[in-house]
Amino acid sequence: MLRLGWFSTGRGPGSRNLLKAVMDRKLSGDLDIEIPFVFCNWSNEEADNPKREQRELFFDMVRGYGIPLVTVSWTEFMPELRKTDEAAWRIEYGKALRKAVSPYPFDLGMLAGYMLWMDDETCEEFDMLNLHPALPGGPKGTWQEVIWQLIAEKADRQGAMMHVCTEEWDRGAAIAYCGFPIRGPGYDELWEDLDRKLETRTLEEIKKAEYLDNPLFLKIREDGAKRELPLVTETVAAFADGRLRIVDKKPADRNGFLDGAYDLSDMVDRALGVE
């Protein structure tokens with residue numbers, strides 16, 4: 001049985017949906033896993049807490065599943081040190097995190113909407129996965145930045161990947177991924193529309209004016225976002241049944257190291273009913 005450590009900031013529906021997707025498959029008997037704890041970097045007792053109601057919904061879900069909830073409030077942890085030396089604070093917070101989860105051994109950590117940068121020692125001690133909204137070797141940054149960079153590059157494909165959490169943010173080895181075309185039916189007319197706009201404006205001007213409302217941007221985001229949940233669950237399934245492992249922070253299977261990340265595109269598309 002795969003012991004899956006779960007780390008989440010619990011700030012909204014996305015955090016709940018990730019946990020529910022994995023637990024639904026576990027409870028159906030489809031995933032041979034255990035989640036020994038859920039760690040959150042908020043206690044929900046903080047005075048200044050704009051996501052209190054959303055986080056309480058997440059905490060209620062965790063308790064409803066009977067999973068131990070472990071919290072270390074980042075806002076209340078050594079606040080003076082955080083103001084004066086953030087790097088030193090991160091090291092100390094990492095020590096507190098590792099101590100808090102030490103009663104709950106786990107094989108693989110899942111950063112599922114966890115919004116703090118993990119410290120170096122925690123990344124070295126545990127194998128942990130993080131979701132990044134791009135193909136292996138693709139753009140870095142937020143999902144918004146990734147999509148606009150793809151548009152600027154006139155890319156043909158987009159996707160999402162699970163990568164190892166390392167000291168270098170978003171630069172750990174890609175472990176599993178899914179991809180999809182951003183050309184062809186449903187896309188070509190949006191690229192053509194963009195080309196017409198580029199006859200009178202620069203891409204930066206279009207980006208500034210439309211940003212999250214650009215039709216091509218929205219289509220790429222829609223097709224990428226709907227693949228994130230099945231990518232997470234299919235990655236967990238691959239680890240649970242032994243198809244996928246992490247060895248020395250690199251992807252491997254039963255026979256040894258893989259040449260690259262494990263391609264889950266077909267399984268993700270099947271889960272979505274995509275032909």
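In which loop is Lys154 found? The legends below come to this residue after the whole chain; the model is predicted.

Figure 1. The C-alpha atoms fill a box of roughly 60 × 45 × 35 Å along the principal axes. For 275 residues, a compact globule would have a radius of gyration near 19 Å, and the 20 Å of this chain agrees with that. Among the contacts with a separation of 6 or more, 68% join residues 24 or more positions apart.

Figure 2. Of the 275 residues, 48% are buried. The accessible surface is about 13600 Å², and carbon and sulfur atoms contribute 49% of this area. The chain has 36 positive and 50 negative charges.

**Figure 3. Lys154 in the loop between helix H6 (143-153) and strand S7 (157-164).** This placement answers the opening question. Most residues other than glycine have a negative phi. Lys154 is not a glycine, yet its phi is positive, at about 55°. Lys154 counts as partly exposed because its relative accessibility is 44%, which lies between the limits of 20% and 50%.

**Figure 4. Met78 in the loop between strand S4 (69-71) and helix H3 (79-84).** Met78 also has a positive phi, near 40°, and is a residue other than glycine. Is Met78 buried, exposed or partly exposed? With a relative accessible area of 38%, Met78 is partly exposed.

Terms used
Residues are numbered from 1 along each chain as its sequence is written. This is a predicted model: local features need pLDDT of at least 70, side-chain atom pairs count only at pLDDT 80 or more; totals for chains, interfaces and linings use all residues. Side-chain values use heavy atoms; hydrogens and water are left out. The radius of gyration is taken over C-alpha atoms; the globule rule is 2.2 Å times the number of residues to the power 0.38. Buried means under 20% relative accessible area, exposed over 50%, partly exposed in between (1.4 Å probe, protein chains only). Contact means heavy atoms within 4.5 Å. Accessible areas come from the Shrake-Rupley method with a 1.4 Å probe; for residues, only the protein chains shown count as cover. Lys and Arg count as positive and Asp and Glu as negative; His and the chain ends are not counted. The place of a charge is taken as NZ of Lys, CZ of Arg, CG of Asp or CD of Glu. Helices (H or I, at least four residues) and strands (E, at least two) are DSSP runs, numbered from the N terminus.
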